[in-house]
Amino acid sequence: MNIFIDKYNLSRFYEYVLDESINRIYIITDKIVNKLYIEYLKSYIDNNIETYVYVLPPGEENKTIENVLLIYDDLIQNNIDRQTLIVSFGGGVVGDIAGFVASTYKRGIKYIQIPTTFLSQVDSSIGGKTGFDYKGFKNIIGTFYFPERIFIDVSFLKSLSKREIICGLGEVFKYGLIADYSLFQFIKNNFKNIYDKNLDILMHIVNSSVNIKHNIVSKDKYDKGLRNILNFGHTIGHSIESYYNFSKYNHGEAVILGMMYEFYIALELSLIDKEYFAEVYNTLSFILPPISFTRKEIEDLIHIMKNDKKNIDNNIAFVLPIDKGKVDVFYHINENLIIKALEGDWF
Ligand SMILES: NC(=O)c1ccc[n+]([C@@H]2O[C@H](COP(=O)([O-])OP(=O)(O)OC[C@H]3O[C@@H](n4cnc5c(N)ncnc54)[C@H](O)[C@@H]3O)[C@@H](O)[C@H]2O)c1
Ligand SMILES: O=C(O)C(=O)C[C@@H](O)[C@H](O)[C@H](O)COP(=O)(O)O
Ligand SMILES: [Zn+2]
């Protein structure tokens, strides 16, 4: 596996640069990560290596084509060639943009990921999905482009806010519900250790998450079928992010919301029993309570869902739970049930 996990140590990154005889590095990061960690990263780059740093404004609202074009301009201005290594140094927003730039500039140059948020360490740095939001649709422009290596240093997580820890938990709960229910229970039993940023606990969660995602992606690299299960909670989650124009809910929060509505749909379809529903709903709603939508808002949400990349023949794809730690993809969910779930009379 090309993924290396450690704490307070990026020496595997240093060794990779040496082994590949890289003499030019182009770092793409964001303002917050740059301020906190750029000197730490540069301490692993020899002085003889020509190094450029491009700093994005932080946050989902900057995952845009405009920022992609600005990076292209900077690459051209600095005459960056195909022998340069692009280093994505930040969370999932930086990673998706940096990956897209690396996959398209000069028809593709090598890149690596050094993820710095909980969510990017457990999810976005792995699997090669790149891209940006456009015309209010989530990740609607993008490529599959796999990093040469992924270097994870869990010590970056020490500086994360509780909100950002919760965002990462959204994707980790997802892994528990699609592949390994014991991981869901481990999280439930370790909230205090996680919020206290106990690095041994976080390292265990990152390791488990990376193994689950890597295993699924290795069987369906280009998201043709099996990999859809990694999108559990995202059909509704992405529509909520988009509906609020990426300003109200962060991605991981929207996934937590999406998983609750999709669990309710599964309960109504008798795909799961009340006990399983209650155990999961009580855990997720304790972290982030679900919200009710008006009929007009739901029309807009469903319009957005109709552009989901998983859809087939304009049938909205829903990944739904069918057993503990097991999900499947369904295409013909009655629209009245979607409306009922989002109107929220059930909570
Ligand atoms: N490509 C994929 O497979 C994939 C998977 C999951 C999510 N995503 C995408 O990832 C994005 C969400 O990523 P995210 O949750 O990392 O958000 P993010 O990249 O916006 O980072 C969250 C915030 O934390 C800051 N930050 C980053 N590292 C920090 C650190 N170590 N300490 C303190 N602050 C830090 C950032 O500057 C930002 O303000 C979404 O756009 C989502 O669509 C992609
Ligand atoms: O890697 C995947 O496949 C995923 O679905 C991981 C998701 O957590 C992630 O948010 C991904 O970016 C969503 O993919 P998309 O194809 O719905 O944009
Ligand atoms: Zn996600």
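**Note on the ligand and zinc sites of a predicted model**

1. Of the 13 residues around ligand 2, those that come nearest are D123, K129, N139, K213 and R227, where a residue is near a molecule or strand if one of its heavy atoms lies within 4 Å of it. This is a predicted model, in which local features need pLDDT of at least 70 and side-chain atom pairs count only at pLDDT 80 or more, while totals for chains, interfaces and linings use all residues. Residues are numbered from 1 along each chain as its sequence is written, chains are lettered from A and ligands numbered from 1 in the order in which they are written, and side-chain values use heavy atoms, with hydrogens and water left out.

2. Polar contacts to ligand 2 (a polar contact is a pair of N or O atoms within 3.5 Å; within protein, one must be able to donate a hydrogen and the other to accept it, and residues adjacent in sequence count only if both atoms are side-chain atoms) include one from D123, whose polar side-chain atom lies 2.7 Å from an oxygen atom of the ligand. For K309, a polar side-chain atom is 3.0 Å from an oxygen atom of ligand 2, and an N or O atom in the side chain of H251 is likewise 3.0 Å from an oxygen atom of ligand 2. Taken alone, ligand 2 exposes 430 Å², of which the protein buries 92%, with accessible areas taken from the Shrake-Rupley method with a 1.4 Å probe and, for residues, only the protein chains shown counting as cover.

3. The zinc ion, ligand 3, is coordinated at 2.0 to 2.1 Å by E171 (OE), H234 (NE2) and H251 (NE2); donors are N, O and S atoms within 2.8 Å of the metal (3.2 Å for Na, K and Ca), and sites may look incomplete because water is not among the atoms. E171 lies in helix α6 and H251 in helix α11 (residues 251-268), so the pair ties together parts that are 80 residues apart in sequence. E171 counts as buried at 1% relative accessibility, and H251 is also buried, with a relative accessible area of 16%, where buried means under 20% relative accessible area, exposed over 50%, and partly exposed in between (1.4 Å probe, protein chains only).

4. Around ligand 1 there are 28 residues, of which D30, E60, T116, T117 and S159 come nearest. An N or O atom in the side chain of E60 is 2.5 Å from an oxygen atom of ligand 1, while for D30 the corresponding distance to an oxygen atom is 2.7 Å. The protein covers 91% of the 880 Å² of accessible area that ligand 1 has on its own. Helix α2 (31-42) is among the elements that give two or more residues to the shell, and α2 gives the most, with four residues.

5. Two backbone angles deserve a look. D223, in the loop between α9 (199-219) and α10, has a positive phi of about 60° although it is not a glycine. F246, in the loop between α10 and α11, has a positive phi near 60°, and F246 is buried, with a relative accessible area of 10%.
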